[in-house]
Amino acid sequence: MADLSSLRRTVRGIEFPYPVMIAGGVVKTAEQVRRYAPTEIIPEWGSIESEPSSGNGGRDYHAEYAEVPGGGRVLMRTQNSLGLPNPGMKYVEQHAPDLIKLYADNGKPLAINVSGKSVEDVVTLVGRAITCGFRFIIVNGSCPNRVVKGMPSAPICVDRDSIIPVFDLLQRRFSGTDALVLWKVSVGLPRPILEFNCEMVRHSPVFGGMVTGNTFPSTLDYDAFYETTILTENKIDRGGMAGPAIRPIALDNTNFCSQQLASCGKIVFGCGGAQDAHTIRKFLLAGAAIVQMHSAFREANEDPTFVRDILAELAQD
């Protein structure tokens with residue numbers, strides 16, 4: 001086993017033994033969280049909503065490949081939608097104390113990703129996460145299941161009129177928290193909107209930084225009937241594209257946000273198409289403090305040794 005001690009870093013008071021973690025959507029149940037405790041996996045538990053749900057009938061995960069001359073194939077992109085059941089925040093509250101302690105005993109933080117359907121719902125979920133004892137909270141401003149101006153698929157991070165009250169309410173209620181709270185945005189936001197999100201984080205006493213990379217909203221592909229390829233049973237477009245296809249945009253967003261936040265001491269977690277040590281290095285060079293993976297971990301059958309091997313290669317640098 002390689003010596004991974006050189007990869008350890010402290011991010012705003014939180015000890016991270018590794019600069020790689022698994023993005024939300026993979027880990028939903030307490031059993032899944034517990035499974036990864038003794039491994040090199042740092043999971044993002046969630047995203048968690050207020051009420052439990054059975055999923056919305058969409059495909060949870062779908063991968064597309066390109067054929068390689070001479071045989072074989074390579075991953076091109078993935079599509080994620082809201083097919084997974086969500087256990088709800090009450091379920092998290094029941095299991096959180098034991099699981100937070102379990103992860104602390106294994107020398108790493110347990111992150112929770114909370115996602116609400118309204119401004120007040122988002123803020124309430126953050127408060128419940130803090131009460132549970134989470135010291136690492138990711139506020140999912142990019143999850144496409146919000147009700148914003150009557151549009152069910154619109155993320156909060158694209159709407160200034162929703163971003164502002166979220167930040168204002170969090171500041172009024174939780175400005176004294178010692179938790180590392182990060183604001184998660186979608187890959188590929190129009191530059192003025194991305195810059196506005198950065199400015200809100202820059203001036204917020206609650207947020208310690210951003211996560212730049214919760215899938216590219218919607219999809220860039222259509223099926224044989226010219227309908228978007230991410231669909232629920234009700235033909236509602238809710239989901240996003242991920243994987244290598246969005247990596248150039250994700251790297252650009254990571255670099256832009258890290259430059260915007262560097263002067264105020266806030267950090268950026270990069271995400272979007274990281275799949276091996278080489279691409280993780282690209283995100284670190286772009287300014288990411290930690291890099292999240294999702295599609296690559298799914299493609300590796302969620303095997304912890306996949307991440308362990310990547311960490312061993314990073315430790316050689």
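In which sense, right-handed or left-handed, does α2 pass α3? The points below take up this crossing and then the sheet beside it.

1. The structure is a predicted model. The protein has nine helices and 14 strands. Of its 317 residues, 56% are buried. Among contacts between residues at least 6 apart in sequence, 70% join residues at least 24 apart.

2. To the opening question: the crossing of α2 and α3 is right-handed. Helix α2 covers residues 89–105 and helix α3 covers residues 119–132; their axes come within 9 Å and cross at roughly 30°. An angle under 35 degrees counts as roughly parallel, and α2 and α3 are therefore roughly parallel to each other.

3. The residues in this contact can be listed for each helix. From α2 come Met-89, Lys-90, Glu-93, Ala-96 and Ile-100, and from α3 come Leu-125, Arg-128, Ala-129 and Cys-132. Sorted by class, six of the residues in the contact of α2 with α3 are nonpolar, three are charged and none is polar.

4. Next comes the sheet. Eight strands form an open sheet with parallel pairing, and their order is β3-β14-β13-β10-β9-β8-β7-β4. The edges are β3 (20–22) and β4 (44–48); each has a single partner strand, so one side of each is left without a neighbour in the sheet. On average, neighbouring strands of this sheet are turned by 25° against each other, direction ignored.

5. Five of its five residues are buried, so β13 is largely enclosed by the rest of the structure. In a regular strand, side chains alternate between the two faces of the sheet. In β13, Ile-267, Phe-269 and Cys-271 point one way, while Val-268 and Gly-270 point the other way, and all are buried.

6. Two partners of β13 can be checked by residue. Strand β10 (residues 207–212) pairs with β13 in the parallel sense over four bridges, and Thr-212 stands opposite Gly-270 in β13. Strand β14 (residues 290–293) also runs parallel to β13, joined by three bridges. Here Phe-269 stands opposite Ile-290 in β14.

7. Elsewhere in the sheet, strand β8 (residues 136–140) and strand β9 (residues 180–185) pair in the parallel sense over five bridges. Phe-136 stands opposite Leu-180 in β9.

8. Which strands does helix α5 lie across? Helix α5 (residues 191–202) lies across β9 and β10, and runs at about 155° to β10.

9. Helix α5 also packs with helix α4 (residues 160–174), at an angle of about 10° and with the axes 11 Å apart. The two helices, α4 and α5, are therefore roughly parallel to each other. In this contact, Arg-160, Ile-163, Ile-164 and Phe-167 of α4 meet Pro-192, Ile-193, Phe-196, Asn-197, Met-200 and Val-201 of α5. By class, eight of the residues in the contact of α4 with α5 are nonpolar, one is polar and one is charged.

Conventions:
Residues are numbered from 1 along each chain as its sequence is written. This is a predicted model: local features need pLDDT of at least 70, side-chain atom pairs count only at pLDDT 80 or more; totals for chains, interfaces and linings use all residues. Side-chain values use heavy atoms; hydrogens and water are left out. Axes are lines fitted to C-alpha atoms, for helices over the stretch in contact, and angles run from 0 to 180 degrees between N-to-C directions. Angles under 35 degrees count as roughly parallel, over 145 as roughly antiparallel, 65 to 115 as roughly perpendicular and the rest as oblique. A crossing is left-handed if the near helix is turned anticlockwise from the far one by less than a right angle, and right-handed if clockwise. Contact means heavy atoms within 4.5 Å. Ala, Val, Leu, Ile, Met, Phe, Trp, Tyr, Cys and Pro count as nonpolar, Asp, Glu, Lys and Arg as charged, and the others, Gly among them, as polar. Buried means under 20% relative accessible area, exposed over 50%, partly exposed in between (1.4 Å probe, protein chains only). Two strands pair if DSSP finds at least two bridges between them.
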